[in-house]
Amino acid sequence: MSSLQEPLGMDKLPSLSTIDLFRRFSSIGCSTSRGDTGMGRCWTEGNTSTSSNYDEEDFEYVQGVFNRTHHARDMPQNRNRAPYGNRCDSRHIANLQHKSYCNNAGLQNITNMIFKGIPRYVKIVEVGARDGLQNEKNMVPTSVKIELIQRLVSTGLSVVEATGFVSPKWVPQLADAREAMEALKNLDTTRLPVLVPNLKGFEAAVAAGAKEIAVFASASESFSKSNINCTIDESFSRYRAVVHAATKLNIRVRGYVSCVIGCPVEGMISPSKVAYVAKELCDMGCSEISLGDTIGIGTPGPVISMLGAVMSVVPVERLAVHFHDTYGQSLPNILVSLQISNSDSVNRQKRRVPICQGASGNVATEDVVYMLHGLGIQTNVDLGKLLQTGEFICKHLGRRSGSKAAVAFSQLMTNGD
Ligand SMILES: CC(C)(COP(=O)([O-])OP(=O)([O-])OC[C@H]1O[C@@H](n2cnc3c(N)ncnc32)[C@H](O)[C@@H]1OP(=O)([O-])[O-])[C@@H](O)C(=O)NCCC(=O)NCCSC(=O)C[C@@](C)(O)CC(=O)[O-]
């Protein structure tokens, strides 16, 4: 998760502040549902109630229509809350957003039209503990990594990539992979894949108790050589051996493709090259192919072209996307990926289960979950807990949260009282 990085360009936001934007956005729903205006009142409803329950409206997006349901929900009465505590819980935020849509007929029609076909559930593969931490200059203590993963698991995430069994000479930050896996061996409710570059890494991963692995190829020849010291075709030979060994042990293998949009050395990468690498990984037995915009150069147009090419050779239900946020494009890229992977024109026969990967070290998973919940898309992730987890790791790294959702929420907390 990428609360690890400083927010990109937060100091260059337009004059309208985040809180003002949020107030404007949410006030439609607040005013019509309770005859009140402004965010402050909306927050107060759930938190100053003297009753232990309050009525809550849920909206479910089913086949192009938002359905409204009522239910009572326990609410704590204590207003001394954690920074991203109860008032920022994801259901509450999602409700506010749904109210905004649903209480305005025009907006609702537009939403239904634009998001027709968007999935109701998105699986998030969290990669912060590996992709986020691998580039940290200062060594992060193993105990902090372990606590980070435990906290991520407690948010409800079903897959948390834990570490990598790569060369410690190349990636010193992950030199403690064995110790980390040892400490996590009892976390059997959650899948904890680990990155593996070759058979040596695979053997070390299995010995440390890994039950799922990920191999990583590239669509750029130059990136392959600089990252794993071999050509793309050589990497296929290595990975075939790894997948073969993994299959014998019933170990699931994910396959990454890096540089799916562009490469720092080669420039733009052709969609057909990405499709070729993705298909090779798929054919050798990778159960899921994660398409990585490693340098975050993608925008929705090229992403659509790339996905179009890949989906013509790999079943869409086996695809995941992994966007870095270098130029602030990750959220639109995720959204457009979900839309195209569910579009009627893609495949009318199969039930599609698109997967979104919260790419770490860059886009914050908090921001992804915030966006998805705002659209009524389920993730199983508790946004409040995720924000606290982001705060935890940022504190250890000695930096501000890079999550825009976290920044927005802390401003809301300050202004809401
Ligand atoms: C692939 C290698 C190992 C080749 O590294 P090499 O130096 O070419 O390997 P070698 O076979 O010549 O061996 C050199 C030494 O490394 C050892 N070695 C060999 N393999 C291992 C291993 N698995 N674990 C530990 N040690 C290993 C080996 O035993 C030997 O030790 P020595 O005899 O000198 O003492 C190296 O280049 C490497 O580890 N690369 C990984 C780099 C990395 O992790 N990069 C970040 C991944 S992020 C990414 O790719 C993108 C992604 C996935 O996040 C998606 C996206 O963002 O788009």
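Predicted model: local features only at pLDDT ≥ 70, side-chain atom pairs only at ≥ 80, totals over all residues.
Helices here are DSSP runs of H or I with at least four residues, numbered from the N terminus.

M139 sits in the loop between α5 (128-132) and α6 (142-154). Is M139 buried or exposed? M139 is exposed, because 12 other C-beta atoms lie within 10 Å, and a residue with 12 or fewer counts as exposed.

Zooming out, the protein has 16 helices and 13 strands. Of its 417 residues, 46% count as buried. Among contacts with a separation of 6 or more, 74% join residues 24 or more positions apart.

Next comes a helix pair. Helix α11 (residues 271-284) packs with helix α12 (residues 300-311) at an angle of about 40°, and their axes are 8 Å apart. The two helices are therefore oblique to each other, and α11 passes α12 in a right-handed crossing. The contact uses P271, S272, V274, A275 and A278 of α11, together with S305, M306, G308, A309 and V310 of α12.

Finally, the ligand. Of the 21 residues around it, S167, G201, N229, G292 and T294 come nearest. The elements giving two or more residues to this shell are α8 (199-207), α9 (221-228) and β8 (252-258).

Here are the residue classes at both sites:

| Site | Nonpolar | Polar | Charged |
|---|---|---|---|
| Contact of α11 with α12 | 7 residues | 3 residues | no residues |

Technical notes:
Residues numbered from 1 in each chain as written. Near = placed C-beta within 6 Å. Buried ≥ 20, exposed ≤ 12 C-beta atoms within 10 Å, placed from the backbone. Contact = placed C-beta atoms within 7 Å. Axes fitted to C-alpha atoms, helices over the stretch in contact; angles between N-to-C directions. Parallel < 35°, antiparallel > 145°, perpendicular 65-115°, else oblique. Left-handed = near helix turned anticlockwise from the far one by under 90°. Nonpolar A, V, L, I, M, F, W, Y, C, P; charged D, E, K, R; others polar.
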